[in-house]
Amino acid sequence: MNIIDELTWRDAINQQTDADGLYELVSNEKISLYCGVDPTGDSMHIGHLIPFMMMKRFQSFGHHPYILIGGATGTIGDPSGRTSERQLQTLEQVQHNVDALTAQMKSLFDFEANQDLTMVNNYDWTHDLTLLDFLRDYGKNFNINTMLAKDIVSSRLEVGISFTEFTYQILQSMDYLHLFREHNVQLQIGGADQWGNITAGLDLIRKKEGAEAKAFGLTIPLMLKADGTKFGKTAGGAVWLDAEKTSPFEFFQFWLNQDDRDVVKYLKFFTFLTKEEIEALAEKVETEPHKREAQKTLAAEMTRFVHGQEALDEALEISAALFSGDVSNLTADQIEQGFKNMPSAEMPIGESLLVDWLIEAGIEPSKRQAREDIKNGAITLNGEKITDLEFTLTPAHSFDERFVLVRKGKKNYTLVTLTK
C-alpha cells in the first residue's frame, strides 16, 4: 500500500498542493519530508502530536522525516489561528522551550534507534542573516497582495497585525527552501491552519529553484469532536505530553473517556493498529458499546506511546483501584495522580480523634453527623472502613505522611493533604 493510500484510509488528509504528483513521487522513491513546531511553551499538547503521527507513518513506509524545532520562528510567533498578537518571549525562555521540546521529541521518536529520522532547528540557518540580506534575498520574492490574501493574515486585518507576525510566513518559507536545498526535503506537512504558510514556501522554492522543482505540501484535517468542539481540550485545559503537566493517569483517562462517535476516528489518527484491528474494534463499538473495548485500546496505545509501558501499567493499576475502591496498596504518588481533581482539603499532620478530624477537614458538618456516619460504616480511610467512634488518626494512617484519602458513602472522595 502507498503511504498516501494509508493516510486516505485513515481520513488523515485535508489538502494537497499536487495530489497526483505526490502520489507518483512516493510510489517510486523514498523521500524526505518535514514538519515543524514552535517553542511557544515547554511542552507539546496532544493537538501538536497529530502531524507528527503522520510523520511517523511516512517513516514506517521507508521515508525520512525531519522534525524542525522553530528556535527562530518561535521568537516571532505564528499568527495562524490567532485573533491577537502573541506576547513575545525572551530569548532565554525560547531556548529553554527549545531544549524541553527537543527532549520530548527524542523521547517520543527514539532517535538513537532510528537513523532515518533527523531533528533540525531553524535558528541554525537564520541567526547570522543580516536585515539587508533578508530583504534582498527573500523579501523581494514575496508579493504583499498575495501575503494579505492568505487566511493567516486576512483574518487578522480587521483587528490588526504587526509587521513582525506579518513576516512569519517568509521565515517559514525560508525553512522549506533551506531543507529543500540542503537535505532534498520535498514535502512539508502541517495542520489545516498551516496551508498559507506551506504554499508560501512552495512559491519561494519555485522562484528560487525553478518552476519544475518537485516540492509538495500536505495538511491534515482540523480535529473536531462529534459535538463540534475542539479536540484536545478538557475542563482543566490542554492535555499535555509532559507528565508533570498532565499525569499519565489523567492522560489515560482522557482517551478512555472518548465518545463512541469519536473513538474510531481517533484510533485511525493516533494509533498504529492495522485496518483489520481497527475495523474489529469499530464493530465492537456498534455491538458491545458498554464494554468500551475501543476506548480501552486507544487509551492503552496512546499512553504507552507517549509515556511508556511502565506509566501505562501504573495508570491501569490506579484505574483498577479506583473502580474497586481498594486503594490501600497504591503509593502516595499514585494517590496524587488518581485524585488530583477530586475535592481536597489540608490538615496538619499529627494525632486526632477521627470524629473531630473529619469536622476540622470540612468533610462532616457536625460531631453528631460524624459519629452517625462512622457508626453506620459510611467513612472509609485509605480504602479501610472505620466504625470505631474512638478511632484516633495518626501519621501511620496516611500515604507516606502526605495524604489521607477519605470516602464518605459510595462515591464522595476527599483527598486530604497533610501539612507540617
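**Domains, cores and aromatic pairs in a predicted model**

Over residues 39–48 the chain is 30% helix and 0% strand. An unreviewed UniProt entry annotates residues 39–48 as a short sequence motif, the 'HIGH' region. The model is predicted, and the values reported here are computed from it.

The protein is divided into domain 1 (3–220), domain 2 (233–324) and domain 3 (344–418). The centres of domain 1 and domain 2, taken over C-alpha atoms, are separated by 29 Å. Contact between these two domains involves 18 residues of domain 1 and 22 residues of domain 2.

The largest nonpolar core holds 62 residues. Within this core, Phe52, Phe58, Leu187, Phe231, Trp255 and Phe270 touch the most other members. Helix α3 (residues 46–60) supplies the largest share, 8 residues. The core draws at least three residues from domain 1 (3–220) and at least three from domain 2 (233–324). Phe58 illustrates the packing around one of these members. Setting aside residues up to four places away in sequence, Phe58 touches Ile3, Ile4, Leu7, Val26, Leu33, His63, Leu187 and Ile189. A second core of 29 residues is separate, and includes Leu68, Val120, Val185 and Ala215.

Aromatic pairs were then examined. A search of the whole structure finds 10 of them. In one, the ring centres of Phe52 and Phe109 are 6.5 Å apart. Their planes meet at 55 degrees, so the pair is tilted; edge-to-face would need over 60. Phe52 lies in helix α3 and Phe109 in helix α4 (residues 91–109). The pair therefore ties together parts that are 57 residues apart in sequence. Both Phe52 and Phe109 are buried.

A second pair joins Trp255 and Tyr266. The ring centres of Trp255 and Tyr266 are 6.4 Å apart and the planes stand at 85 degrees, so this pair is edge-to-face. Trp255 belongs to helix α11 (residues 248–256) and Tyr266 to helix α12 (residues 260–270), 11 residues apart. Trp255 is buried, as is Tyr266.

Trp255 and Tyr266 also belong to an aromatic cluster, together with Phe251, Phe254, Phe269 and Phe270. Phe251 lies in helix α11. Phe251 has a relative accessible area of 0% and is therefore buried, the cut-off being under 20%. Its contacts, not counting residues up to four places away in sequence, are with Ile46, Val239, Trp240, Leu241, Thr246, Met302, Thr303, Val306 and His307. Met302 is 51 residues from Phe251 along the chain, yet their C-alpha atoms are separated by 8.5 Å.

An open sheet was also found. The sheet has 5 strands in the order β9-β15-β14-β11-β12, with mixed pairing. Its edge strands are β9 (344–348) and β12 (384–385), each pairing on one side only. Strand β9 runs parallel to β15 (residues 412–419), and 5 bridges join the two. Within this pairing, Ser344 stands opposite Leu415 in β15.

Methods:
Residues are numbered from 1 along each chain as its sequence is written. This is a predicted model: local features need pLDDT of at least 70, side-chain atom pairs count only at pLDDT 80 or more; totals for chains, interfaces and linings use all residues. Side-chain values use heavy atoms; hydrogens and water are left out. A nonpolar core is a set of buried Ala, Val, Leu, Ile, Met, Phe, Trp, Tyr and Cys residues joined through side-chain atoms within 4.5 Å. Buried means under 20% relative accessible area, exposed over 50%, partly exposed in between (1.4 Å probe, protein chains only). Helices (H or I, at least four residues) and strands (E, at least two) are DSSP runs, numbered from the N terminus. Domain bounds come from an automatic or database domain assignment. Contact means heavy atoms within 4.5 Å. UniProt positions are given in the numbering used here, feature names are shortened, and annotations may be inferred rather than shown by experiment. Two strands pair if DSSP finds at least two bridges between them. Rings of Phe, Tyr and Trp (its six-membered ring) pair if their centres lie within 6.5 Å; planes under 30 degrees apart count as stacked, over 60 as edge-to-face and the rest as tilted.
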